[in-house]
Amino acid sequence: MEKTTNFFLIHNFNTIPTELLDLCSDYIIYDCSTDREMKQKLHDMDLNIKDIENTGHNITSYFSYFDENYEDLPEVICLLKGNMIGRHCSMEFFQQVYQNKSFTFLYDEKQYWDRFAKFTESNEKNEPGTTFLAMENVYVEKNNSWYVESPNHPKRYFNDVDDLMRFIYKKPMIPQYFAFSPGACFIVRREQILRHSKVFYRNLNKLMNYGMEPGFPSEAHQIERLLPIIFTSLGDVNGWMDDEAAFDAKLPECSAYIQYKYENRPRRFKKLRKALGLIR
């Protein structure tokens, strides 16, 4: 296969992503492998590697790269995971799209097509559910923040993705459904990333890298759903998103609010909710 001029930003954990490297001419691997033997093999191959702390997911690697290379971003970046092929999309699908110069969802699980299609292979009509495919590679999920209840992914700042959207944006439209790419793999253009400041990405990382006990934070799941909005929305963000000190000052308020949101104390916390931008 021809090597693409698209830049590959690869988040890697305990794999050797040679099948991805064979398709690109320029790349960087953000490696958080914990397998010492695997990590040594990667370094022995003399690859372009940056060793990073394991946050349990790949989005912090993307945002760190945006922050660190903001003034010199490649024109087109493929945001990838070292184990993406076979987990989030097939090699057949990736080879069809890896040269794309436009925003692309890197997701393809054909085994679900019959389940999500309007009609099954037996021509029986499927009833709409909480998840479906809007296109063959665009996964759609009902906005019910079901994942925040997982004991394996604790939450510190936001109980649901709606509150996170209100924290990020001044006047967000809260959708009934989210269209996203499970696994958070995309092809994005430089101008999409530059919609937001480097501080914006640095601040968002603080919501996702605070611990691994027992697993990565629930906020990473929430931001995974928001990535297409972050890359395409023209909505104005709240001032603290571009101000690191102001953002840091807001986080204790978020932690206090999350403890009480579902208690029957709406009047007591009205001022706090208003300060966080969660009500107007």
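Visitor: Leaving aside its neighbours within four places in sequence, which residues is Asn205 in contact with?
Guide: This is a predicted model, where local features need pLDDT of at least 70 and side-chain atom pairs count only at pLDDT 80 or more, while totals for chains, interfaces and linings use all residues. Residues are numbered from 1 along each chain as its sequence is written, and side-chain values use heavy atoms, with hydrogens and water left out. Asn205 lies in helix 8, helices being DSSP runs (H or I, at least four residues; strands are E, at least two) numbered from the N terminus. Taking contact as heavy atoms within 4.5 Å, and skipping neighbours within four places in sequence, Asn205 touches Ile59, Thr60, Phe63 and Ser64.

Visitor: Is Asn205 buried or exposed?
Guide: Buried means under 20% relative accessible area and exposed means over 50%, with partly exposed in between (1.4 Å probe, protein chains only). Asn205 has a relative accessible area of 8%, so the label is buried.

Visitor: Where does His196 sit, and which residues is His196 in contact with, leaving aside neighbours within four places in sequence?
Guide: Look in the loop between helix 7 (190-193) and helix 8 for His196. His196 has 5% relative accessibility, so it counts as buried. With neighbours within four places in sequence left out, the contacts of His196 are Tyr70, Tyr169, Tyr201, Ile230 and Val237.

Visitor: How many disulfides are there?
Guide: A disulfide is a covalent bond between the sulfur atoms of two cysteines. The cut-off here is a pair of cysteine sulfur atoms within 2.5 Å. By that rule, the count is zero.

Visitor: What is the nearest cysteine sulfur to Cys78, and how far away is that sulfur?
Guide: Cys78 is buried, because its relative accessibility is 0%. Cys78 is in no disulfide, and the nearest cysteine sulfur belongs to Cys24, at 8.4 Å.

Visitor: And for Cys89, which cysteine sulfur is nearest, and how far away?
Guide: Cys89 comes out at 2% relative accessibility, so this one counts as buried. Cys89 is in no disulfide either, its nearest cysteine sulfur being that of Cys185, at 7.0 Å.

Visitor: How many salt bridges does the structure hold?
Guide: For a salt bridge, a side-chain nitrogen of Lys or Arg has to be within 4 Å of a carboxyl oxygen of Asp or Glu. Counted that way, the total is 15.

Visitor: How far apart are the closest N and O atoms of Lys41 and Glu37?
Guide: Both residues lie in helix 2 (residues 36-44), with Lys41 and Glu37 four residues apart, about one turn of the helix. Lys41 is partly exposed at 40% relative accessible area, while Glu37 counts as exposed at 55%. Their salt bridge has its closest N and O atoms 3.9 Å apart.

Visitor: What is the N to O distance between Glu253 and Lys250?
Guide: Glu253 and Lys250 are three residues apart in helix 10, which means about one helical turn separates them. Glu253 is partly exposed at 27%, whereas Lys250 is buried at 12%. Their side chains meet in a salt bridge, N to O, at 3.6 Å.

Visitor: Which residues are linked with Asp248 in a network of salt bridges?
Guide: Start with Asp248 and Lys206, whose side chains meet in a salt bridge at 2.7 Å, N to O. That pair links distant parts of the chain, 42 residues apart, with Asp248 in helix 10 (residues 244-260) and Lys206 in helix 8 (residues 198-206). Asp248 counts as partly exposed, at 35% relative accessibility. In the network, Asp248 is linked with Asp67, Arg202, Lys206 and Glu244.
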